[in-house]
Number of protein chains: 2
Amino acid sequence: MKAEEISRKLIDKKLKVTPQRIAILEAIINLNNHPTAENIVEYIRKNHPNISVATVYKVLDALVDSRLIKKVKTERDIMRYDGVVESHHHIYCSDSDRIEDFNDNELNELLEKYFEKKKIPDFKIEDIKLQIIGKYIKTK
Amino acid sequence: MKAEEISRKLIDKKLKVTPQRIAILEAIINLNNHPTAENIVEYIRKNHPNISVATVYKVLDALVDSRLIKKVKTERDIMRYDGVVESHHHIYCSDSDRIEDFNDNELNELLEKYFEKKKIPDFKIEDIKLQIIGKYIKTK
DNA sequence: TTTTAAACGATAATAATTCTCTTATAATAA
DNA sequence: TTATTATAAGAGAATTATTATCGTTTAAAA
């Protein structure tokens, strides 16, 4: 994704455009595998060696608040981030830290219909995410 | 749940039975709302004032390893634990830390059938969990 | 170009969790 | 029942991810 395109995202959210913010958002999008803050720092330092860890955390917070990125739920104590903000599901590998995206409109419609029919009492659903847990199998 | 019943669970998993382990497992089951380590310490200290925080963490780890409890995925940096090990779903309140269990066999069957038909390439599914995110609404 | 509110960077502080090491105890054998 | 031994518990230090502080810099509006 071009820097200009990323600037636009920031401007749309009324965030001040800085080289750090562009680099961080770009990193999350390019590293497209739910990076940690540390992964992001490491990636950015290649072109931007002086960026501070504190800045990365602050920018990540700002991006989450503006809904340009999302936090990913895990059962580890390291936060991970997701550049895909459209509702989608996650495949969790049960013997590594790999998390893959899973998109399936047929499934989304199925779920939507299901919960229209069978409401949860006193609860307004905002989003439904699947965590698909399992293992990648070697083929051949 | 009676202490005896809890002892049996530990023995079945070949874990040494100690008052601390019984108290911790009992706490998780009684506190049935996905407590944090801190919640557990607080609860246990009422009857067991000298228990060490380190012990609680060590026991929690052992219980997770033996699959007597599970970690709950959240997007906060505080770990939460779940005494219900049977596969089930979670309702996350989007404006508090509340996490409720959600059980629905019809839904499970629906999902099972769906993924039987539509396999994920090179992936063996072990479990599917829904995260239902939304808000509780006040009635009346 | 000037102004200024906001962001950055460095480092200290915090908080959850893990580690280390000594003492205590549950389970097993005698 | 008592002795033995491996394992667990307790206390506090250490670690690690994240957050806060504060002086300096900078983006963007005037």
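Reader: What percentage of the atoms of DNA strand C within 4 Å of the protein belong to sugar or phosphate?
Author: In this predicted model, the atoms of DNA strand C that lie within 4 Å of the protein are divided between sugar or phosphate on one side and bases on the other. The bases hold the rest, once the share of sugar or phosphate has been taken, and that share is 73%.

Reader: Which residue has a polar side-chain atom 2.6 Å from a phosphate oxygen of DNA strand C?
Author: Among the 22 residues around DNA strand C, those that come nearest include Gln20(A), Val17(B) and Tyr57(B). The polar side-chain atom at 2.6 Å from a phosphate oxygen belongs to Thr18(A).

Reader: Which helix gives the most to the surface near DNA strand C?
Author: The elements that each supply at least two residues of this surface are α2 (19-30) and α4 (53-65) of chain A, together with α4 (53-65) of chain B. With four residues, the one that gives the most is α4(A).

Reader: Is Cys93(A) buried or exposed?
Author: A residue counts as buried when its relative accessible area is under 20%. Cys93(A) has a relative accessibility of 9%, which falls under that cut-off, so Cys93(A) is buried.

How values were computed
Residues are numbered from 1 along each chain as its sequence is written. Chains are lettered from A and ligands numbered from 1 in the order in which they are written. This is a predicted model: local features need pLDDT of at least 70, side-chain atom pairs count only at pLDDT 80 or more; totals for chains, interfaces and linings use all residues. Side-chain values use heavy atoms; hydrogens and water are left out. Buried means under 20% relative accessible area, exposed over 50%, partly exposed in between (1.4 Å probe, protein chains only). A residue is near a molecule or strand if one of its heavy atoms lies within 4 Å of it. A polar contact is a pair of N or O atoms within 3.5 Å; within protein, one must be able to donate a hydrogen and the other to accept it, and residues adjacent in sequence count only if both atoms are side-chain atoms.
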